[in-house]
Amino acid sequence: MTRGGINMSTVLIVYHSKTGNTKQMAETVKEGVQSEGVKVVVKKANQVTLKDLLKADGIILGSPVYYGTMAGEMKALLDRSVQIHGKLEGKVGATFASGGGLGGGVETTALDMAKSLLIHGMIIQGDPWGSHYGAVSIGRPNAAAKKECRKLGEKVARLVKRLKAVS
Ligand SMILES: Cc1cc2nc3c(=O)[nH]c(=O)nc-3n(C[C@H](O)[C@H](O)[C@H](O)COP(=O)(O)O)c2cc1C
């Protein structure tokens, strides 16, 4: 809803990161969301409450690849979210992932998190041109990876605003 020039939508970015790569991606996704005038909250997965998830209009999950899938901290949050199963339906979702090497599982990790969001009934927008399933990076995000992260934030923010306008 936009009232008096103030957009009331909120996007929550949830990430896990040990050595900072995924954190840098999260910060760049945040810039993309903010550039669309949408409020953004960034939190580590183990600090996210179920109330945080319920309050957000869009939820973006980012994780390093650990053994071909998301970090345990992200999975633990998703497992906790069963307590609010059905209540995230219709929210916008997206994901991003950071891996150690090509073929190491960045895309499958992005998809693994996206599957959980789909099970929650959330709406996930793909990308026909860049990173199709979510933003990905190998090691420290370079300029190309950051561009995808920023675009992901912009796309989610735009979709959140469009859905808010018709609800
Ligand atoms: C326990 C563990 C398992 C990992 N498994 C994979 C893997 O299966 N594939 C891969 O590409 N990278 C793997 N990595 C590398 C990380 O995904 C990569 O270094 C990532 O950029 C770290 O993100 P961060 O800096 O946000 O912590 C693993 C790292 C750790 C610590």
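Modeller: One term before we start: a salt bridge is a side-chain nitrogen of Lys or Arg within 4 Å of a carboxyl oxygen of Asp or Glu. Also, this is a predicted model, where local features need pLDDT of at least 70, side-chain atom pairs count only at pLDDT 80 or more, and totals for chains, interfaces and linings use all residues. Residues are numbered from 1 along each chain as its sequence is written, and side-chain values use heavy atoms, with hydrogens and water left out.

Biologist: Thanks! How many salt bridges does the structure hold?
Modeller: There are eleven. In one of them, the side chains of Arg158 and Glu36 meet, with 3.0 Å from N to O. Arg158 is in helix α5 (residues 143–166) and Glu36 in the loop between α1 (21–35) and β4 (39–44), so this pair links distant parts of the chain, 122 residues apart. Helices (H or I, at least four residues) and strands (E, at least two) are DSSP runs, numbered from the N terminus.

Biologist: Which other residue forms a salt bridge with Glu36?
Modeller: That's Lys161, and the closest N and O atoms are 3.1 Å apart. Lys161 is in helix α5 and Glu36 in the loop, so the pair ties together parts that are 125 residues apart in sequence.

Biologist: Is Lys161 buried, exposed or partly exposed?
Modeller: Lys161 counts as partly exposed because its relative accessibility is 26%. Buried means under 20% relative accessible area, exposed over 50%, and partly exposed in between (1.4 Å probe, protein chains only). Arg158, at 36%, counts as partly exposed too.

Biologist: What does Arg150 pair with?
Modeller: Arg150 forms a salt bridge with Glu154, where the closest N and O atoms are 3.6 Å apart. They are four residues apart in helix α5, so about one helical turn separates them. Salt bridges with shared partners join Glu31, Arg150 and Glu154 into one network.

Biologist: Changing topic: how many cavities of 30 Å³ or more are there?
Modeller: A search of the whole structure finds three. On a 1 Å grid over the protein atoms alone, a cavity is a set of points where a 1.4 Å probe fits but cannot get out, and lining residues have an atom within 4 Å of a point. Grid points are joined across faces, edges and corners, and a volume is the space filled by probe spheres set on the points.

Biologist: What is the volume of the largest cavity, and what lines it?
Modeller: The volume is about 100 Å³. It has 14 lining residues, and the closest to its centre are Gln125, Asp127, Ser131, Gly134 and Leu152. The largest share of the lining, three residues, comes from α5.

Biologist: And the second largest cavity, what lines that?
Modeller: That cavity holds about 60 Å³ of space, and its lining includes Leu53, Ile59, Ser81 and His120. Two or more of the lining residues come from each of β5 (58–64) and α3 (72–80).

Biologist: Last one: which residues come nearest to the ligand?
Modeller: Ser17, Thr19, Thr22, Val65 and Ser98, out of 16 residues around it (one of their heavy atoms lies within 4 Å). A polar side-chain atom of Thr22 is 2.6 Å from a ligand oxygen. Polar backbone atoms also lie by ligand oxygens, at 3.1 Å for Gly20 and 2.9 Å for Gly100.

How values were computed. On a 1 Å grid over the protein atoms alone, a cavity is a set of points where a 1.4 Å probe fits but cannot get out, and a pocket is an open set with protein on both sides within 12 Å along at least five of seven lines; lining residues have an atom within 4 Å of a point. A polar contact is a pair of N or O atoms within 3.5 Å; within protein, one must be able to donate a hydrogen and the other to accept it, and residues adjacent in sequence count only if both atoms are side-chain atoms.
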